[in-house]
Amino acid sequence: MIQGKTIAFLVAPEGVEQVELTEPWKAVEQAGGTPRLVSVERGEIQAFNHLDKAGTFPVDAVAGEVSAAEFDGLVLPGGVANPDFLRMRPEAVRFVKEFFDAGKPVAAICHAPWTLVEADVVRGRTLTSWPSLRTDLRNAGATWVDQEVMVCTGGPNTLVTSRKPDDLKAFCQAAVDAFGA
């Protein structure tokens, strides 16, 4: 379905919700794509299961040294600390914005839309997220909906969003569909 396509997974050095990284990663691989882990530092990232440390994963590329031109799509996993850290790093915010500027699909789950707010790419878009981001997204000009998955094509690219780990099955399918379109 996405044979030959390379999908970036942007995460902070620490704080990504492990299942929101590993499940979409597997979905990309199973659909024939190549996932690549991008972070803001070299080495490994530390994933979490909610508040407890989970696995570590090797970084393939560093934001600021790669661009959206090298990828066919972007996944932004959640976790509270992960997007909060990313939105404070200009190179991460620029990397995210490049996907929107290039019209490439982006999939963001849970708290990940915080990074989208910082990149100023949600204005006029409809998306979902963890419920505590609702006001932030509305203040940034988005329409927030409470549903399992939202696929918004009302902008320069396809934007896939979901609320939480329970939505991963629908999120992964919608993301792979967007990457294959």
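**Close-up views of a predicted model**

**View 1. Glu91 and its surroundings.** The side chains of Glu91 and Arg89 make a polar contact at 2.8 Å (a pair of N or O atoms within 3.5 Å; within protein, one must be able to donate a hydrogen and the other to accept it, and residues adjacent in sequence count only if both atoms are side-chain atoms). This is a predicted model: local features need pLDDT of at least 70, side-chain atom pairs count only at pLDDT 80 or more, and totals for chains, interfaces and linings use all residues. Residues are numbered from 1 along each chain as its sequence is written, and side-chain values use heavy atoms, leaving out hydrogens and water. Glu91 sits in helix H3, residues 90–101 (helices are DSSP runs of H or I, at least four residues; strands are runs of E, at least two; both are numbered from the N terminus). Glu91 is buried, at 16% relative accessible area (buried means under 20%, exposed over 50%, partly exposed in between; 1.4 Å probe, protein chains only). Leaving aside residues up to four places away in sequence, Glu91 touches Val40, Ala63 and Gly64 (contact means heavy atoms within 4.5 Å).

**View 2. The largest nonpolar core.** This core has 37 residues (buried Ala, Val, Leu, Ile, Met, Phe, Trp, Tyr and Cys residues joined through side-chain atoms within 4.5 Å). Phe95 and Leu116 are among the residues that touch the most other members. Elements giving two or more residues include strand S1 (6–10) and helix H4 (113–118). H3 gives the most, with 6 residues.

**View 3. Leu116.** Beyond residues up to four places away in sequence, Leu116 touches several residues, including Leu76, Val96, Phe100 and Leu159.
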